[in-house]
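Hi there,

Here is the structure I promised to pass on.

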Amino acid sequence: MVITTTTRSDSEASVHCTFASRYVRTALPKFKMPENSIPKEAAYQIINDELMLDGNPRLNLASFVTTWMEPECDKLMMDSVNKNYVDMDEYPVTTELQNRCVNMIAHLFNAPIGEDATAVGVGTVGSSEAIMLAGLAFKRKWQNKRKAEGKPFDKPNIVTGANVQVCWEKFARYFEVELKEVKLSKGYYVMDPKKAVEMVDENTICVAAILGSTLTGEFEDVKLLNDLLTKKSKETGWDTPIHVDAASGGFIAPFLYPELVWDFRLPLVKSINVSGHKYGLVYPGVGWVVWRSKEDLPEELIFHINYLGADQPTFTLNFSKGSSQIIAQYYQFIRLGFEGYRDIMRNCMENAKVLSKGLEEMGRFEILSKDIGVPLVAVSLNDSSKHTVFEISESMKRFGWIIPAYTMPADAEDVTVLRVVIREDFSRSLAERLLSDFEKVLKEIDELPSRLSNKVAHVIATVEELKGREERENLVKKQKTVKETQEHVARYWRRLVDRKTSGVC
Ligand SMILES: *Cc1c(COP(=O)(O)O)cnc(C)c1O
């Protein structure tokens, strides 16, 4: 680094200054682009230093998204970071790799295609984009059918469990489809297929089942849903199809539970999405959607672009995007093969079991995650009258662990949960250390005075404010049961948590 004009006091200052502060003596620009340039080293250090305050991705047990890949794959990704995926004519090999990935995934999900046949599907930025595309295809197919029958087609709806990931709500709002959610209940945290089928009507574009609920990792019973819907369709003639949101479970079930029938083996399953960047083991930025057959993807949604002289059929929401993730997905497929994925998923499941057992043995938690499902551990406290999962989550941060705490959706809002996602890079020794840190935190908060007495007082004060004076008197008179108190506390925390933008993903 060359510092051109230095006065004596400047050079003195520079000896005592940290590197970046030589260049940035005022607050960093936040709103307007700065007038002048700064050296590249300074820009690097300033940003790098600020980023140090982010959490450590490897210790982020909140996320399903891949945080470690092999250096060889890192290299492939860096080498292709300047390739725009959409330039298919210029980068035909990249396009070919995406097609191979689509084929492999379709075969993995038992699509009814021949050994060498090309599957129908596309690489996306993640499962959210994949779900938007699948949802659009269902909406358009339903509209076409209704038009042909001379029936109204302005009130489409979609049936899901209340445990769906937020991207379904996004789809519903952006694309004007009513979201009909099957409520959960205490002790049952996935969509009940029976209730879902009851909610289906002539305007239902599809029922979305989740293979690996975000909240507890549990698989929904797609087979039962398929059977019940088949029966209903026979009676009504509605032919309601199924989409499976296999964002996390799509790369778990085929390897660990090949006998579990959830995919294209079920005739009503018309499309499936999966996140390449979750258990597909690629860094963030890749998802996939595959359709059962060409007939399930309305032709009018496919754009044929004459791009630099070549015909390119595309069905995505975006135009430009990076190629690295697609290349990395292909790397993982051929590098690991079925055997490699199976071993990794088994390992994750083993670590989840160790953690789940360890937490259970502490005698303080109820385990909500199931033995069969996504490798994660979701627990609630047996007794939240003194301390809550939110306090545990906060306290674990001191050891560097990022573990989300949240409340369940309707109608199980009073259940509060801690969730630890097990990824490939979460080793057995980290699991053991996590357990011992859990023990430390539990011991510590046992010795603390209950923060809840303050919280409860606060909650009651808020409740009092909201209610009239008369009711306030009743409220004071009324003896609060432990359960009521816990519910108040859960609601209090939920209000706090809802204000935060971060959450479970
Ligand atoms: C993560 C997740 C999504 C969203 O996927 P992205 O790949 O993050 O866009 C959707 N559904 C479920 C069940 C998920 O777990």
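**Helix packing, sheets and the ligand**

H11 passes H12 in a right-handed crossing, where right-handed means that the near helix is turned clockwise from the far one by less than a right angle, and left-handed that it is turned anticlockwise. Before I go on, please keep in mind that this is a predicted model, in which local features need pLDDT of at least 70, side-chain atom pairs count only at pLDDT 80 or more, and totals for chains, interfaces and linings use all residues. Residue numbers start from 1 along each chain as its sequence is written. Helices (H or I, at least four residues) and strands (E, at least two) are DSSP runs, numbered from the N terminus.

Back to that first pair. The axes of helix H11 (residues 389-397) and helix H12 (residues 428-447) come within 10 Å and cross at roughly 120 degrees; axes here are lines fitted to C-alpha atoms, for helices over the stretch in contact, and angles run from 0 to 180 degrees between N-to-C directions. That angle makes H11 oblique to H12, given that under 35 degrees counts as roughly parallel, over 145 as roughly antiparallel, 65 to 115 as roughly perpendicular and the rest as oblique. On the H11 side the contact uses Glu391, Ile392, Ser395 and Met396, and on the H12 side Asp437, Val441, Glu444 and Ile445; two residues are in contact if their C-beta atoms, placed from the backbone, lie within 7 Å. By class, this contact has four nonpolar, one polar and three charged residues. The classes are as follows: Ala, Val, Leu, Ile, Met, Phe, Trp, Tyr, Cys and Pro count as nonpolar, Asp, Glu, Lys and Arg as charged, and the others, Gly among them, as polar.

Helix H10 (residues 324-361) has two helix partners to show you. With helix H4 (residues 92-108), H10 packs at an angle of about 50 degrees, the axes being 9 Å apart, and that makes H4 oblique to H10. The crossing of H4 past H10 is left-handed. H4 brings Thr94, Leu97, Gln98, Arg100, Cys101 and Met104 to the contact, and H10 brings Ile326, Ile327, Gln329, Tyr330 and Phe333. Seven nonpolar, three polar and one charged residues make up this contact.

With helix H3 (residues 71-79), H10 packs at about 150 degrees, with axes 8 Å apart, so H3 is roughly antiparallel to H10. Here the crossing is right-handed. Cys73, Leu76 and Met77 of H3 meet Ser324, Ile327, Ala328 and Tyr331 of H10, a contact of six nonpolar, one polar and no charged residues.

Now the sheets. Seven strands form an open, mixed sheet in the order E1-E7-E6-E5-E4-E2-E3, where two strands pair if DSSP finds at least two bridges between them. Strand E1 (120-124) and strand E3 (178-182) stand at the edges with a single partner strand each, so one side of each has no neighbour in the sheet. From one strand to the next, the twist averages 20 degrees. Strand E2 (residues 157-161) and strand E4 (residues 204-210) run parallel and are joined by three bridges, with Val159 opposite Val207 in E4. H4 packs on this sheet, touching E1, strand E6 (269-275) and strand E7 (287-291), and its direction makes about 120 degrees with that of E1.

A second open sheet has four strands in the order E10-E11-E13-E12, with antiparallel pairing. Its edges are strand E10 (365-367) and strand E12 (405-407), each with a single partner strand, so one side of each is left without a neighbour in the sheet. Three bridges join E12 to strand E13 (residues 416-421), and Ala405 has Leu418 in E13 as its bridge partner. H10 packs on the sheet, touching E10, strand E11 (376-381) and E13, at about 15 degrees to the direction of E11. H11 touches E11, E12 and E13, at about 35 degrees to the direction of E13.

Two backbone details: the peptide bond from Ala410 to Asp411 is cis, with omega near -5 degrees, and Asp411 lies in the loop between E12 and E13. Asn110, in the loop between H4 and E1, has a positive phi near 60 degrees. Most residues other than glycine have a negative phi, and most peptide bonds are trans.

Finally, 15 residues surround the ligand, the closest being Gly126, Ser127, Ser128, Gln165 and Ala247; a residue is near a molecule if its C-beta atom, placed from the backbone, lies within 6 Å of it. This shell has five nonpolar, nine polar and one charged residues.

Best wishes
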